[in-house]
Amino acid sequence: MKNVKYSAASFVLLSATISHAQEYIGASVGQSDIDISGFDDGTSIAVIGGYKFIENFALEASYINLGDSEDNQPPVWTIEVDGINFSAVGIIPVNEQIDLFAKVGLFVWDASLNEAGYGEIGIDEGSDISLGFGAAVNLTEQFGLLIEYQKFELDEVDVSNISIAARLYF
């Protein structure tokens, strides 16, 4: 009888988990700010894929191009940063349509430094922590809009990014 109770409880927990399991893909556009004096903001783009295991937890992978940041003083220097971000996402549903979320991840990045007239004069790569938070408005069961702030560490330099995204749920 004890095994039947444990089996029934396991089935209920598994059913609850499966009912919230959901795959999603999305894309975002935003503005990035590199923490180096004199450089302007860049336009970021990202492609995102994730899996929501339960109502409060998802894993996500994304390709993020943080755009080009220029110093706008001769000679013009340009910093370009892109990479793959792997994140664990904690989700707090406010109601059936609105979710708040926070994420922590690993950003595997490449950066290049270019000078006008000379091309690429330096490159760097690494993997560092990323942090983020935001809100999602689920307009239908299959479509949502998000606003998100993320901060990426690139060795000794921080890059912050604010973006808006569209997401499709399966």
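The legends below describe close-up views of a predicted model.

**View A. The largest nonpolar core of the predicted model comprises 23 residues.** Ile64, Leu66, Val81, Phe107 and Leu154 have the most contacts inside this core. At least two core residues are supplied by each of strands S1 (22-34), S2 (42-54), S3 (57-70), S4 (77-93), S5 (98-115), S7 (143-154) and S8 (157-169).

**View B. Surroundings of Leu154.** With residues up to four places away in sequence not counted, Leu154 touches Val81, Phe107, Trp109, Asp128 and Val159. Among these partners, Val81 and Phe107 are, like Leu154, listed with the most contacts inside the largest nonpolar core.

**View C. The largest pocket has a volume of about 540 Å³.** Its lining consists of 25 residues, and Gln22, Lys52, Glu96, Asp99 and Asn138 are the closest to the pocket centre. Two or more lining residues come from each of helix H1 (2-20), S1, S3, S4, S5, strand S6 (119-138) and S8. S4 gives the most, with three residues. By residue class, the lining divides into 11 nonpolar, seven polar and seven charged.

**View D. The second largest pocket holds about 210 Å³ of space.** Of the 14 residues that line this pocket, Ile79, Trp109, Ala111, Asp124 and Val157 lie nearest its centre. S4, S5 and S6 are the elements that give two or more residues to the lining, and the largest share, four residues, comes from S5. The lining comprises 10 nonpolar, two polar and two charged residues. Trp109, named here as a lining residue, is also one of the residues touched by Leu154.

Note on methods
Residues are numbered from 1 along each chain as its sequence is written. This is a predicted model: local features need pLDDT of at least 70, side-chain atom pairs count only at pLDDT 80 or more; totals for chains, interfaces and linings use all residues. Side-chain values use heavy atoms; hydrogens and water are left out. A nonpolar core is a set of buried Ala, Val, Leu, Ile, Met, Phe, Trp, Tyr and Cys residues joined through side-chain atoms within 4.5 Å. Buried means under 20% relative accessible area, exposed over 50%, partly exposed in between (1.4 Å probe, protein chains only). Contact means heavy atoms within 4.5 Å. On a 1 Å grid over the protein atoms alone, a cavity is a set of points where a 1.4 Å probe fits but cannot get out, and a pocket is an open set with protein on both sides within 12 Å along at least five of seven lines; lining residues have an atom within 4 Å of a point. Grid points are joined across faces, edges and corners, and a volume is the space filled by probe spheres set on the points. Ala, Val, Leu, Ile, Met, Phe, Trp, Tyr, Cys and Pro count as nonpolar, Asp, Glu, Lys and Arg as charged, and the others, Gly among them, as polar.
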